[in-house]
Amino acid sequence: MKRISTGSPFEKTLGFSRAIVKGGWCFVSGVTGYDYSTMTMPESAADQARNCFATIEKVLAEGGFTLDDIVRVQYTLTDAALMDEVTPALGAAMGEIRPAATIVIAGLIKPEMLIEIEVTAFKG
């Protein structure tokens, strides 16, 4: 088993790994739109979604996976009204891959967080 970290302060404080690779599976924890190198958050939900996918792609690569290996995704939005804004970013990242997906509307742990994306990848 391999644990992957982005260096996010949330990982240590809340006690989780950004991703776990076990066998042909990679489980990526919920990723928000922070740029983890600067710990800055864009204001727009679409830019946050793009940052999420950039982080996810980097973490998957570290585990030996690509976006094409994603088989499951869960999107969490803080407000259903944000769906129209993030749809182009989600489609750009996942439109050709088309994993099984769920969209949940729920609060997140910081007010600046508008979207969180969690993925599972498999290489078989």
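The questions and answers below go through a predicted model, from its strands and core to its rings, charges and backbone angles.

Visitor: How many bridges join strand β2 to β3?
Guide: Strand β2 covers residues 19-22 and runs antiparallel to β3. Within this pairing, V21 stands opposite C26 of β3. The number of bridges joining β2 to β3 is 4.

Visitor: Which residue in the turn of the β2 and β3 hairpin has a positive phi?
Guide: The hairpin formed by β2 and β3 leaves 2 residues between the strands. In that turn, a positive phi of about 60° belongs to G23.

Visitor: What is the bridge partner of V31 in β6?
Guide: β3 also pairs with β6, in the antiparallel sense and over 6 bridges. One of the residues taking part is V31, and its partner in β6 is I117.

Visitor: Which element gives the most to the largest nonpolar core?
Guide: The largest nonpolar core has 35 residues, and V28, I56, L60 and I117 have the most contacts inside it. Two or more residues come from each of β2, β3, α2, β4, α3 and β6. With 7 residues, the element that gives the most is α2.

Visitor: Which residues does L60 touch, not counting residues up to four places away in sequence?
Guide: L60 is among the residues with the most contacts inside the largest core. Leaving out residues up to four places away in sequence, L60 touches C26, V28, F65, T66, L67, I70 and A121.

Visitor: How far apart are the ring centres of F10 and Y34?
Guide: The count of aromatic pairs comes to 4. In the pair of F10 and Y34, the planes stand at 45°, so the pair is tilted. F10 lies in helix α1 and Y34 in the loop between β3 and α2, 24 residues apart, so the pair links distant parts of the chain. The ring centres of F10 and Y34 are 5.7 Å apart.

Visitor: Is Y34 buried or exposed?
Guide: Buried means under 20% relative accessible area. F10 has 15% and is buried. Y34 has a relative accessible area of 5%, so Y34 is buried.

Visitor: Which residues form one aromatic cluster?
Guide: F10 and Y34 are a tilted pair of rings. A further residue, Y36, belongs with these two, and the cluster consists of F10, Y34 and Y36.

Visitor: How many residues apart in sequence are the parts that W25 and F122 tie together?
Guide: The rings of W25 and F122 have their centres 4.5 Å apart and their planes at 45°, so this pair is tilted. W25 lies in strand β3 and F122 in strand β6, so the pair ties together parts whose separation in sequence is 97 residues.

Visitor: Over the ring of which residue does the charged end of K123 sit?
Guide: The charged end of K123 is 5.4 Å from the centre of the ring. That ring belongs to F65.

Visitor: With which residue does E11 meet in a salt bridge?
Guide: E11 lies in helix α1, residues 9-14. With a relative accessible area of 5%, E11 is buried. Its contacts, not counting residues up to four places away in sequence, are I4, S5, T6, F16 and R18. The salt bridge, at 3.6 Å from N to O, joins the side chain of E11 to that of R18.

Visitor: What separates D47 and R50 in helix α2?
Guide: D47 and R50 form a salt bridge, with the closest N and O atoms 2.8 Å apart. D47 is partly exposed at 33%, and R50 is partly exposed at 44%. Because D47 and R50 are 3 residues apart in helix α2, what separates them is about one helical turn.

Visitor: What is the phi of M39?
Guide: Most residues other than glycine have a negative phi. M39 lies in the loop between β3 and α2. M39 is not a glycine, yet its phi is positive, near 55°.

Visitor: Is R98 buried or exposed?
Guide: R98 is found in the loop between α3 and β5. R98 has a positive phi of about 50° although it is not a glycine. Its relative accessibility is 68%, and the cut-off is over 50%, so R98 counts as exposed.

How values were computed: Residues are numbered from 1 along each chain as its sequence is written. This is a predicted model: local features need pLDDT of at least 70, side-chain atom pairs count only at pLDDT 80 or more; totals for chains, interfaces and linings use all residues. Side-chain values use heavy atoms; hydrogens and water are left out. Buried means under 20% relative accessible area, exposed over 50%, partly exposed in between (1.4 Å probe, protein chains only). Contact means heavy atoms within 4.5 Å. Rings of Phe, Tyr and Trp (its six-membered ring) pair if their centres lie within 6.5 Å; planes under 30 degrees apart count as stacked, over 60 as edge-to-face and the rest as tilted. A charge sits over a ring if NZ of Lys or CZ of Arg is within 6 Å of the ring centre and within 35 degrees of the ring normal. Two strands pair if DSSP finds at least two bridges between them. A nonpolar core is a set of buried Ala, Val, Leu, Ile, Met, Phe, Trp, Tyr and Cys residues joined through side-chain atoms within 4.5 Å. A salt bridge is a side-chain nitrogen of Lys or Arg within 4 Å of a carboxyl oxygen of Asp or Glu.
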